[in-house]
Amino acid sequence: MLVFTRRSGESLVIGADIRVTVLAVDRDQVRIGIQAPRQIPIHRSEVYEAIVAQNQAASQSAMPPAELLSRLKGR
Amino acid sequence: MMSERIATARFGEVNYSEKDLIHFAKGIPGFEKLNRFLLIGEEKHEPFKFLQSVDFPPLSFPLLDPRLIVPDYQFAPSEDQTQELGLQDPGEALVYSIVTLSEKQQSVNLFAPLVINPLNRKAAQVILLKSGYRVDEPLSGSD
């Protein structure tokens with residue numbers, strides 16, 4: 001991992017068109033601004049990771065459709 | 001048109017042709033490198049449909065129409081999300097929730113539905129950030 005020390009108001013540039021700015025620092029909270037092209041999705045990591053975890057859980061079983069149906073009806 | 005064949009885990013051998021493919025340009029979270037899928041829906045499997053990976057045939061996901069779980073389900077994508085799929089109107093999209101059905105968990109993902117534009121076959125897992133829906137909405141007792 002690349003590690004930088006930045007002060008409030010300072011930025012990092014990633015590639016040609018992404019800029020990450022530290023807007024404010026207050027004890028253990030940091031306010032961050034990101035400028036990036038609209039087609040680049042940006043999410044809090046816990047949101048994305050929750051979806052990854054759910055997708056992985058859903059993919060674990062290759063249960064045949066008939067068994068899925070009987071489980072659905074059995075609920 | 002040339003027909004191709006994959007050996008799937010859930011359905012055995014499946015034939016498809018290029019025109020059947022659904023393209024997830026960014027994959028889906030956790031499976032970002034997998035771009036080509038098939039939507040498998042047979043009458044005998046109703047109400048389930050399945051998203052079957054072509055790039056990695058062991059992988060498939062069971063799907064349900066989220067309106068079966070929440071009748072007034074609101075699919076309200078952002079403008080960026082509709083643009084990415086070339087959707088003129090969110091109402092033309094096919095919207096499915098991935099289902100987790102195991103011993104441990106019986107739930108549907110209402111927060112991040114799979115969205116397919118049937119006109120150009122572009123698709124994405126769309127995160128409905130402001131919706132308040134859950135990734136793991138429990139499947140309740142009603143059939």
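Reader: Which residue stands opposite A:Val22 in strand 3 of chain A?
Author: A:Ile32 stands opposite A:Val22 there. Please note that this is a predicted model, with local features needing pLDDT of at least 70, side-chain atom pairs counting only at pLDDT 80 or more, and totals for chains, interfaces and linings using all residues. Residues are numbered from 1 along each chain as written, chains are lettered from A and ligands numbered from 1 in the order written, and side-chain values use heavy atoms, without hydrogens and water.

Reader: How many bridges join strand 2 to strand 3 of chain A?
Author: Strand 2 (residues 18-26) and strand 3 are joined by 7 bridges and run antiparallel. Strands are DSSP runs (E, at least two residues), numbered from the N terminus, and two of them pair if DSSP finds at least two bridges between them.

Reader: What is the strand order of the open sheet in chain A?
Author: The order is 1-2-3, with antiparallel pairing. Strand 1 (11-14) and strand 3 (29-35) are the edge strands, each pairing on one side only.

Reader: Turning to the interface, how many residues of chain B are in contact with chain A?
Author: In chain B, 42 residues are in contact with 26 residues of chain A, contact being heavy atoms within 4.5 Å.

Reader: Which residue forms a salt bridge with A:Arg38?
Author: B:Asp80 does, with the closest N and O atoms 2.6 Å apart. The term requires a side-chain nitrogen of Lys or Arg within 4 Å of a carboxyl oxygen of Asp or Glu. Between the two chains the count is 2 salt bridges.

Notes. Helix = DSSP H or I, 4+ residues; strand = E, 2+ residues; numbered from the N terminus.
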